[in-house]
Amino acid sequence: MRGSTTTWRRCTLAVLMAAVALTTAGPVSGTAEAVTSTRSPALIPASDRQVRFTADGTTTYGTVHIPAHRAGHRLAAALLIPGSGLTDRNGDQPPASTPHTLALFASALGDDSVMSMRFDKYGTGRTGWVRYQNSDHIDMAAYTRQAVAAYNTLRAQPEAAPNELLIVGHSEGGLQALLVSRTVRLKPAGLALIAPQDTRLLDAVDYQLAGILDRLVTSGELSPQQAQLNKAGVSRAIADFRAKRQVDTSGLLPFVDFLLNGMFGPHNATFVRSDDAIYPPDIARRVARGTRTLVTCGTADTNVPCRTTPPLLTALATAHTTGPGLRILPGLDHYLHPAGTPANDQMIAPAAQRTLHDFVRPWQHLTAS
């Protein structure tokens with residue numbers, strides 16, 4: 001514990017002086033009793049606990065990571081929420097994408113004596129679809145109910161300090177963190193929104209595709225005229241989908257056509273509509289006053305660029321949140337890698353680790369139960 005070195009030395013000196021006094025004034029056995037009574041509780045080694053809980057009649061499976069701690073002490077506890085798509089408890093979409101983002105978050109938080117819980121979203125890992133069978137009818141509210149059940153499960157863990165609960169969300173998980181914090185009865189003490197979805201889903205899709213098209217023009221793979229044609233087609237398709245009109249993607253580049261039809265098709269339309277209906281700053285304005293909040297953006301992040309964060313930050317300020325606030329991560333991409341790093345490299349850049357470390361600073365020390 002920082003700042004406690006002098007106090008520790010004084011306590012140690014006091015114990016030694018008491019032992020000397022007892023040795024000179026009474027039986028030697030009294031010295032043993034005095035020393036024994038000052039011993040710290042036993043250190044329990046770090047471990048992972050497999051847990052399960054039920055939401056909407058479906059069993060969800062997850063992992064609780066418990067860092068080394070003293071017996072009888074409770075720890076700050078963080079719920080880790082993954083990003084969009086079929087992302088599992090580790091932050092992976094195997095076999096194609098395995099950056100291990102959430103597992104790395106758990107490890108980094110554990111180094112600061114913060115326990116954590118991560119879980120397999122519907123359609124992933126051991127959880128699977130079960131009740132929902134597939135993605136046809138699932139919406140954002142269902143995922144929120146699952147995350148709320150996870151939060152309550154974490155709160156019930158015997159090592160968790162109930163007044164030191166945190167939520168760490170990555171990408172779409174950042175929006176989900178805001179939704180959970182609004183829903184749960186016992187509000188989290190802190191929210192870490194890591195490269196969070198900060199605008200309506202289809203607005204993000206619009207600017208993400210525009211960025212890809214611009215990069216193709218820069219590399220000489222696409223003419224400016226083709227790029228402009230496709231940008232207009234994307235904006236038109238989004239407007240038609242929102243208005244519940246027939247979406248026409250004919251004439252667009254194959255990868256653009258594939259992406260839009262995948263989003264607007266029968267398997268994803270319900271979820272996309274429910275997510276797109278949410279404007280994250282509107283939810284952020286309702287975060288509990290005094291909540292310690294972190295928002296990150298990487299300057300090489302093309303999914304959630306830094307230029308889109310101001311409305312979210314303004315909303316959090318309006319809610320009178322505290323904490324680190326915005327932390328810009330120079331040169332880092334959406335997965336907290338240095339720009340150009342292969343997406344599946346299982347690492348988090350040191351700057352991102354320091355940011356997480358600073359966020360949990362108030363909770364790094366063990367809290368007596």
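Which element gives the most to the lining of the largest cavity? I looked this up and found α4, with 3 residues.

**Ground rules.** I am working from a predicted model, where local features need pLDDT of at least 70, side-chain atom pairs count only at pLDDT 80 or more, and totals for chains, interfaces and linings use all residues. I number residues from 1 along each chain as its sequence is written, and side-chain values use heavy atoms, with hydrogens and water left out.

**Chain.** I noted 12 helices and 11 strands in the protein chain; these are DSSP runs numbered from the N terminus, helices being H or I of at least four residues and strands E of at least two. The protein chain has 369 residues, and 48% of them are buried (buried is under 20% relative accessible area, exposed over 50%, partly exposed in between, with a 1.4 Å probe and protein chains only). I then took the contacts (heavy atoms within 4.5 Å) with a separation of 6 or more: residues 24 or more positions apart account for 72% of them. The protein chain exposes about 17400 Å², of which carbon and sulfur atoms supply 55%; accessible areas come from the Shrake-Rupley method with a 1.4 Å probe, and for residues only the protein chains shown count as cover.

**Cavities.** I used a 1 Å grid over the protein atoms alone, on which a cavity is a set of points where a 1.4 Å probe fits but cannot get out, and lining residues have an atom within 4 Å of a point. Grid points are joined across faces, edges and corners, and a volume is the space filled by probe spheres set on the points. I count 3 cavities of 30 Å³ or more. The largest cavity has a volume of about 60 Å³, and its lining includes Ile-81, Phe-119, Tyr-143 and Glu-172. I sorted the lining residues into 5 nonpolar, 2 polar and 2 charged (Ala, Val, Leu, Ile, Met, Phe, Trp, Tyr, Cys and Pro count as nonpolar, Asp, Glu, Lys and Arg as charged, and the others, Gly among them, as polar).

**Backbone.** Most residues other than glycine have a negative phi, and most peptide bonds are trans. I found a cis peptide bond between Pro-94 and Pro-95, with omega about 0 degrees. Pro-95 is in the loop between β5 (73–81) and α3 (101–111), and His-100 lies in the loop between β5 and α3. His-100 has a positive phi of about 65 degrees and is partly exposed at 23% relative accessible area. Ser-113, in the loop between α3 and β6 (115–119), has a positive phi of about 65 degrees and is buried at 19%.

Definitions and conventions
On a 1 Å grid over the protein atoms alone, a cavity is a set of points where a 1.4 Å probe fits but cannot get out, and a pocket is an open set with protein on both sides within 12 Å along at least five of seven lines; lining residues have an atom within 4 Å of a point.
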